[in-house]
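Have the model open beside you, and try each task before reading its solution.

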Amino acid sequence: MSYSQLKNRTRKDYAYILEYRTRWSDNDMYDHMNNSIYNFLYDSIVNTYLIQECGLHPPSSPQYGLVVHSHGDFFGSIAFPAVADLALRVNKLGKSSVTYEIALFERGVEEVKSVGELIHVFVDRGTGRPAANGMDSKIKDGLQRLVVPQSKL
């Protein structure tokens with residue numbers, strides 16, 4: 001995905017939105033949200049969706065998502081006391097892996113502040129290896145609801 005395509009993302013490009021109220025401690029010495037908080041938020045929206053919509057129970061589910069890649073592109077800053085809208089979609093859903101795209105918007109502002117990518121490989125809890133039969137069907141069905149068709153160009 002090109003930088004300019006990501007920079008032009010809107011809330012309508014995402015199927016799942018989650019509110020986050022920034023905290024004083026999210027700010028860094030430059031008076032904006034520290035970059036490490038963005039990664040925390042990316043992980044939080046993904047796991048909230050997996051728990052609430054896909055039936056994942058992190059302490060006991062037979063499979064869990066292992067992060068194998070993450071990155072973020074930044075287009076603007078946000079700072080306490082802003083309210084953020086986190087937005088989630090799935091760009092690729094494989095047999096045992098999923099590529100998420102997460103956007104962060106500031107409430108009341110149309111322009112996206114950041115867009116991140118996170119890739120999970122679902123592994124067997126007992127072996128820590130990718131599940132032989134792929135990800136659990138309930139998880140996959142839940143993630144399928146967020147899949148955005150990609151252009152073949």
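Helices (H or I, at least four residues) and strands (E, at least two) are DSSP runs, numbered from the N terminus. The model is predicted, so to speak of local features pLDDT of at least 70 is needed, side-chain atom pairs count only at pLDDT 80 or more, and totals for chains, interfaces and linings use all residues. Residues are numbered from 1 along each chain as its sequence is written, and side-chain values use heavy atoms, leaving out hydrogens and water.

**Exercise 1.** Is Glu 101 buried or exposed, and which side chains do its polar contacts join?

*Solution.* First place the residue: Glu 101 is in strand S4. Next, its relative accessible area is 3%, so Glu 101 is buried (under 20% relative accessible area; exposed is over 50%, partly exposed in between; 1.4 Å probe, protein chains only). Then look for polar contacts (pairs of N or O atoms within 3.5 Å; within protein, one must be able to donate a hydrogen and the other to accept it, and residues adjacent in sequence count only if both atoms are side-chain atoms). The Glu 101 side chain makes one of 2.6 Å with that of Arg 9, and one of 2.6 Å with that of Tyr 14.
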